Every structure is written in C-alpha cells, then in structure tokens.
Amino acid sequence: MKCVVCGVESENRYCARCGRVMADIVNTVGEERWNKIDDCAYIYPSVLRVARGELTVTDIVQFLEEED
Ligand SMILES: [Zn+2]
C-alpha cells in the first residue's frame, strides 16, 4: 500500500517519516481529542510539510485548536 500522506510505498497507512510526524501530533493533541477528529485527511498536506521541515508539529496543533 501507499502512505496516505505522501504516497510512497509503505507497509503501513503511514510511511516511517510521516508516521513519526503523525505520532508526534497525536501525542501532543492527546489520544482522546485526536479520536474525536473524524477526518484528519485535511491535515495531511501540513504533515508532509512538517516531514520536509517547513512546519513544526506545534503549528499543526495550533491549527487543530483553531478548528475547534
Ligand atoms: Zn509518507
């Protein structure tokens, strides 16, 4: 299968690089709150930018907080 974030071949839903960013986001936001987000696909472009070093996990978390 392919990484849902960046599209590279991956054994899991997320490749190692994107998976690390996603894990950081979930840790920061908290599992409970994360599970309330129905569709997190809209943050994937931002996740990709974190993986590239253009954004930080904190930026995404702030973005999620504004959505609340
Ligand atoms: Zn990826």
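**Zinc site.** I began with the order of the zinc donors along the chain, and I noted the spacing C-x2-C-x8-C-x2-C. The model I examined is a predicted one. I then looked up the donor atoms: the zinc ion is coordinated by the SG atoms of Cys3, Cys6, Cys15 and Cys18, at 2.3 Å. I recorded angles of 104 to 115° among the four donor atoms, and the site is tetrahedral. For comparison, I wrote down that the ideal angle for four tetrahedral donors is 109.5 degrees.

**Nonpolar core.** I next turned to the largest nonpolar core, which has 21 residues. Val5, Met22, Ile25, Trp34, Ile43 and Val47 have the most contacts inside it. I noted that α1 (16-29), α3 (44-51) and α4 each supply at least two residues of this core. The most comes from α1, with six residues.

Leaving aside neighbours within four places in sequence, methionine 22 is in contact with Tyr14, Trp34, Cys40, Tyr44 and Val47.

**Phenylalanine 63.** I located phenylalanine 63 in helix α4, which covers residues 57-67. Phenylalanine 63 counts as partly exposed because its relative accessibility is 32%, between the limits of 20% and 50%. Which residues does phenylalanine 63 touch, not counting those up to four places away in sequence? I found Tyr42 and Ile43. I also checked serine 46, 17 residues from phenylalanine 63 along the chain: their C-alpha atoms are separated by 9.7 Å.

Notes: Residues are numbered from 1 along each chain as its sequence is written. This is a predicted model: local features need pLDDT of at least 70, side-chain atom pairs count only at pLDDT 80 or more; totals for chains, interfaces and linings use all residues. Side-chain values use heavy atoms; hydrogens and water are left out. Donors are N, O and S atoms within 2.8 Å of the metal (3.2 Å for Na, K and Ca); water is not among the atoms, so sites may look incomplete. Four donors count as tetrahedral if all angles lie between 85 and 135 degrees; four count as square planar and six as octahedral if opposite donors are over 155 degrees apart and all others between 65 and 115; anything else is irregular. Helices (H or I, at least four residues) and strands (E, at least two) are DSSP runs, numbered from the N terminus. Buried means under 20% relative accessible area, exposed over 50%, partly exposed in between (1.4 Å probe, protein chains only). Contact means heavy atoms within 4.5 Å. A nonpolar core is a set of buried Ala, Val, Leu, Ile, Met, Phe, Trp, Tyr and Cys residues joined through side-chain atoms within 4.5 Å.
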